[in-house]
Amino acid sequence: MALDMVAQRCILPFRRLLKRKGDPFQMCWPRIDPLFSFTLKVIALGVFAFLALIAFFLFYSAWPAILRFGWEFLRTSTWDPVKEIFGALPVIYGTVISSLFAVAIAAPLSVGIALFLNELSPRKIATPIGFLVEMLAAIPSVVYGLWGIFVLAPWLGDVVQPFLGKWLGALPLFQGPPYGVGMLAAIIILAIMITPTISSISKEVFQAIPRSDREAALALGATRWEMMKLSVLGRARAGIFGAVILGLGRALGETMAVTMVIGNRSEISASLFAPGQTMASVIANEYAEATSDLHVAALAEIGLVLFGVTFLINAIARLIIWKVAQVKVTR
Amino acid sequence: MKNFICSLIVVAGTILTVATQASVMLNGAGATCPYPLYDKWFSDYRKVDPETQINYQSIGSGGGIRQFLEKTVDFGATDAPMTKDQMDKATSPVVHIPTVLGAVVVTYNLADVKKGLKLTPELIADIFLGKLTKWNDPKIKTLNPSAKLADESIIVVHRSDGSGTSAIFTDYLSKVSSEWQQKVGSGTSVNWPIGLGGKGNEGVSGQVKQKKGSIGYVELIYAEKNDLPYAAVKNESGSFVLPSLKSVTAAAQGSLASMPADFRTSITNAQGKESYPISGFTYLLVYQSMPNAEKAAKLVKFLKWAMRDGQKAAPSLSYSPLPEELVKKVEAKIDSIETKKVN
């Protein structure tokens with residue numbers, strides 16, 4: 001009874017309004033469209049403002065260190081909070097090297113996983129495996145770190161590093177005492193952490209490729225591998241690259257897990273067995289207990305550099321994607 | 001009806017005023033090492049004085065000092081006392097209240113040596129400077145004739161995160177080795193000459209446990225909880241002392257004579273036959289005069305409680321209580337905090 005009343009009083013007049021010519025909203029609120037687009041514009045520009053504010057804040061906090069060290073900050077290797085000498089080169093090196101190696105391991109692996117799940121495996125297997133790979137992304141990084149300390153690092157130190165040292169010891173990459181923790185452990189942890197990101201995005205990209213493309217390749221007499229090469233990998237190049245960049249972004253900024261296994265030594269070493277340090281981990285390590293102003297400023301400057309490096313790498317990657325995409329279009 | 005509403009308003013008003021007056025909120029921030037104890041103190045104290053609620057955020061000594069100086073908290077907490085520079089930045093006089101003692105132990109992973117490897121200050125400094133690289137070095141062997149020491153490399157592990165533990169340990173090394181003092185110095189984060197950095201006590205002990213031949217340092221409380229082997233260290237008087245609650249309190253007792261009036265001192269390498277040499281105070285930071293007299297009164301009441309009943313709770317959590325003589329001195333200091341509104 002009551003419901004009928006509600007319908008009669010409120011909904012029916014509205015219906016009648018809708019049936020009239022023209023949009024009812026237009027009539028009572030004619031400027032809704034500009035308002036909507038204005039709101040969206042504000043939100044979108046807000047992202048820029050936010051980015052600018054972060055950059056400004058970092059710059060402002062880092063100013064004492066920038067003033068004191070200038071470009072030396074990026075070129076020197078001593079990090080001594082006691083004597084207040086700060087040089088960020090080893091941590092910049094640590095961040096870039098650990099991330100690049102991690103991507104070099106994870107990218108082929110992830111694309112392989114995505115190819116297998118999308119092109120080769122029966123659905124019965126693909127669904128659970130895809131689910132498990134994506135589960136890897138849900139594990140908190142501190143858990144990765146603990147696993148790194150208690151499982152991965154001892155295994156690396158007792159088995160993998162002695163083995164690599166024995167067979168590939170001629171390369172400077174695999175020299176030095178097998179501590180277990182160090183750059184290699186960080187690279188492997190990072191590679192595992194970014195694999196789900198790259199593989200799940202690659203999978204989405206592969207799925208977006210029309211079935212007819214594959215059928216066309218097969219109809220022309222391509223083998224399965226040739227079909228994948230021609231119509232899947234070839235067409236998904238830009239997408240795969242985008243996925244790899246997202247993974248790289250995660251690797252550059254990853255803090256906790258890396259800090260726990262990298263050995264935290266502010267030194268540049270050619271060997272992957274040696275301990276290193278990344279920009280994110282030095283901030284995480286020292287910020288809470290930094291008491292001198294210059295130390296805090298130097299850590300802020302590291303933040304600024306990390307911000308810059310991430311920005312730069314993303315920009316370069318964007319450019320490459322555009323190029324790759326263009327090549328595809330013109331062909 | 002009108003009467004009823006009136007009385008209702010009056011009652012509600014009283015409840016509100018009582019509620020606002022009843023609890024005083026004290027906010028603090030700082031050191032992480034003593035956090036387990038402070039947490040217990042604050043919850044225990046709630047039963048003693050239900051009107052006072054104390055919030056504490058363990059954000060690290062550095063953050064604690066910064067927030068304290070900016071007066072965003074009512075009290076700070078730090079493991080190492082504030083430096084002169086920091087004291088100069090404070091807008092009004094700062095009082096350091098030592099609360100309990102913490103100790104740092106040298107832990108190691110040797111197949112055939114359990115607790116109590118004997119080490120001298122010189123040896124510890126040489127190991128952490130990277131000058132002593134083998135466990136079967138004659139210098140270690142002569143000190144520990146019965147221990148089976150293999151021809152193993154020494155792997156040094158230190159804290160990678162800034163911490164009061166590192167501050168105490170490096171302060172000790174600076175006192176016993178002039179080379180350390182010159183090359184490295186002391187602080188919450190230092191430029192370690194060699195070694196691997198582990199994050200937190202768990203990071204250091206994790207690496208020490210995993211790797212044969214490694215040596216590191218962790219807090220006493222952490223070593224005891226996790227049953228790690230630790231070394232007996234030769235103290236100023238020449239005797240080898242194992243870290244324990246007693247030997248740490250003895251160290252504080254031993255440095256009483258040279259204690260400055262504001263308690264800002266390090267007690268590493270303390271005098272006394274039974275003193276364990278690598279230990280230090282942890283402090284609460286309070287302003288001599290706080291803008292809010294009511295808060296000041298509550299804080300003073302709490303600090304006095306901490307000096308008496310609070311100390312009794314310390315041993316159960318592996319913190320060493322302050323020696324009795326020092327407690328009296330600290331109490332006198334607490335009395336000097338202004339609890340009445342000046343002017």
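Biologist: Which helix of chain A has the lowest mean pLDDT?

Modeller: pLDDT is the predictor's confidence in each residue, from 0 to 100, and chain A averages 87. Helices are DSSP runs of H or I with at least four residues, strands are runs of E with at least two, and both are numbered from the N terminus. Where pLDDT is low, the predicted coordinates should not be read in detail. Helix α5 (residues 89-120) of chain A has the highest mean, 94, while the lowest, 55, belongs to helix α2 (residues 24-28) of chain A.

Biologist: And what is the mean pLDDT of chain B?

Modeller: In chain B, 93% of the residues reach 70 or more. The mean pLDDT of chain B is 88.

Biologist: On to the interface: how much area is buried between chain B and chain A?

Modeller: Contact here means heavy atoms within 4.5 Å, and 39 residues of chain B touch 32 residues of chain A that way. Buried area is the accessible area (1.4 Å probe) that two parts lose on being put together, summed over both. Carbon and sulfur atoms give 48% of the total, which is about 2600 Å².

Biologist: Which three residues of chain B supply more of that area than any other three?

Modeller: Together they supply 22% of the area that chain B buries against chain A. The three are Arg66(B), Lys199(B) and Gln210(B).

Biologist: Which residue of chain B meets Asp158(A) in a salt bridge?

Modeller: A salt bridge is a side-chain nitrogen of Lys or Arg within 4 Å of a carboxyl oxygen of Asp or Glu. The rule finds 2 of them across the interface of chain B and chain A. In one of them, at 3.6 Å from N to O, the partner of Asp158(A) is Lys211(B).

Biologist: Which element of chain B gives the most to the side that touches chain A?

Modeller: Several elements of chain B supply at least two residues each, including α4 (84-89), β6 (155-159) and α9 (200-210). The one that gives the most, with 5 residues, is α3(B).

Biologist: Inside chain B, how far apart are the C-alpha centres of domain 1 and domain 2?

Modeller: The bounds come from an automatic or database domain assignment. In chain B, that gives domain 1 (22-101 + 280-335) and domain 2 (103-253). The two domains bury about 1200 Å² between them, 65% of it on carbon and sulfur atoms. Their C-alpha centres lie 29 Å apart.

Biologist: How many salt bridges does the rule find between those two domains?

Modeller: A search of the whole structure finds 26 salt bridges over all chains. Across the interface of domain 1 and domain 2 of chain B, the number is 0.

Biologist: In which helix do Lys40(B) and Asp44(B) both lie?

Modeller: Their side chains form a salt bridge (3.4 Å, N to O). The two residues are 4 apart, about one turn of the helix, and the helix is α2 (residues 35-48) of chain B.

Key: Residues numbered from 1 in each chain as written. Chains lettered and ligands numbered in written order. Predicted model: local features only at pLDDT ≥ 70, side-chain atom pairs only at ≥ 80, totals over all residues. Heavy atoms only, no water.
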